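Visitor: Could you take me through this structure? I would like to begin with the overall picture and then go to single residues.

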Amino acid sequence: MLLDFDKLGGLRTALIALVALVCLFLILPIVFIAALSFGSSQWLIFPPPSWTFRWYQDLFADPRWLYSALTSLKIAAIVTVLSVVIGFLAALGLNRGRFPGRDFLRALFLTPMILPVVVLAVALYALFLKLGLAGTTLAFIIAHLLIALPFSIISIGNALEGFDRSVEDAAILCGASPWEARLRVTVPAVSHGIFGAAVFSFLASWDEVVLAIFMASPTLQTLPVKIWSTLRQDLTPVIAAASTLLIAFTILLMIVAALFRKGRKA
């Protein structure tokens with residue numbers, strides 16, 4: 001290897017220290033938010049004077065917070081299913097298709113990953129206003145699907161790259177129809193890519209705030225929008241409690257994805 005970590009000498013210690021500092025920089029805000037959510041002060045003061053579960057009780061006792069969380073969960077679940085299905089079909093076509101404009105179409109599908117989210121949000125908001133969809137669940141689903149779909153196409157596409165298509169051809173030779181072979185042979189073989197696509201699609205919708213702000217209405221808000229709107233009105237520790245639960249759920253999904261990948265490799 002060009003660089004052997006064990007032979008770097010003093011540089012190895014410097015690299016370890018640098019990585020530790022970067023990790024600390026990334027983790028400390030999460031730790032602070034979690035600590036503030038258990039603080040007894042009615043303001044966001046660190047360190048907290050004492051500890052309490054009061055803000056979590058207030059959070060779960062407020063139907064507006066619960067409704068926002070359920071709205072986020074419902075939209076993210078629908079977006080995940082649509083993203084995986086459409087992403088699988090798109091990845092299949094882009095991976096196996098040989099047609100003019102394939103590379104352009106691939107780039108078009110991945111555009112939402114590089115386009116500034118606020119630009120996409122303004123464009124969609126103007127479109128949905130004309131169509132009368134502003135502030136509806138359908139608008140949320142379409143907007144979140146646009147940013148989730150690239151993750152599915154990349155994840156499933158990479159899995160298809162490593163799949164031996166001759167196995168699918170053998171199933172067809174044994175009497176299966178082309179789509180039966182894809183569903184019963186290809187899909188299980190690329191299940192790790194599909195699972196990764198589902199996790200990232202869910203998180204893309206679950207954590208999205210910029211698009212959600214433009215799509216929201218007074219009666220329809222996702223959890224990130226509820227946190228943002230409450231933050232502008234009052235710095236209550238309930239916000240820290242909601243943020244902590246949001247982060248915890250996201251971390252839990254990432255751990256499940258990591259365990260699934262580890263199990264696949266084993």
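Guide: The answers below go from the overall fold to the domains and then to individual residues.

Visitor: What kind of model is it, and how are residues numbered?

Guide: This is a predicted model, in which local features need pLDDT of at least 70 and side-chain atom pairs count only at pLDDT 80 or more, while totals for chains, interfaces and linings use all residues. Residues are numbered from 1 along each chain as its sequence is written, and side-chain values use heavy atoms, with hydrogens and water left out.

Visitor: How many helices and strands are there?

Guide: The protein has 12 helices and zero strands. Helices (H or I, at least four residues) and strands (E, at least two) are DSSP runs, numbered from the N terminus. The C-alpha atoms fill a box of roughly 70 × 65 × 30 Å along the principal axes.

Visitor: What share of the residues is buried?

Guide: Buried residues are 37% of the 266 in the protein. Buried means under 20% relative accessible area, exposed over 50%, and partly exposed in between (1.4 Å probe, protein chains only).

Visitor: And what share of the contacts comes from residues 24 or more positions apart?

Guide: Such pairs account for 72% of the contacts with a separation of 6 or more. Contact means heavy atoms within 4.5 Å.

Visitor: Where does UniProt put the transmembrane regions?

Guide: The unreviewed entry places them at residues 12-45, 65-92, 104-128, 134-156, 194-215 and 235-260. UniProt positions are given in the numbering used here, feature names are shortened, and annotations may be inferred rather than shown by experiment.

Visitor: How much helix do residues 65-92 and 104-128 hold?

Guide: Residues 65-92 are 100% helix, with end C-alpha atoms 40 Å apart. Residues 104-128 are 92% helix, and their end C-alpha atoms are 26 Å apart. For the annotated span 69-257, the model gives 83% helix and 0% strand, with the end C-alpha atoms 22 Å apart.

Visitor: Where is the kink in α4?

Guide: A kink of about 30 degrees lies at L108, shortly before the proline P112. The bend at a residue is the angle between axes fitted to the seven residues ending there and the seven starting there.

Visitor: Changing topic, how is the protein divided into domains?

Guide: The division is into domain 1 (5-36) and domain 2 (62-265), and the contact takes four residues from domain 1 and five residues from domain 2. Domain bounds come from an automatic or database domain assignment. The two domain centres, taken over C-alpha atoms, are 31 Å apart.

Visitor: How much area is buried between them, and which residues of domain 1 lose the most?

Guide: About 340 Å² is buried between domain 1 and domain 2, with carbon and sulfur atoms giving 81%. In domain 1, I30, I33 and L36 lose the most area to domain 2, together 87% of what that side buries. Buried area is the accessible area (1.4 Å probe) that two parts lose on being put together, summed over both.

Visitor: Is A241 buried or exposed, and what does it touch?

Guide: A241 lies in helix α12 (residues 237-265) and is buried, with a relative accessible area of 0%. Leaving aside neighbours within four places in sequence, A241 is in contact with S37, W55, Y56 and L59. A241 and L36 are 205 residues apart in sequence and 7.9 Å apart in space, C-alpha to C-alpha.

Visitor: Where does F46 lie?

Guide: F46 is in the loop between α1 (10-37) and α2 (54-61). F46 counts as partly exposed because its relative accessibility is 45%. Beyond four places in sequence, F46 is in contact with F32, A35 and L36.
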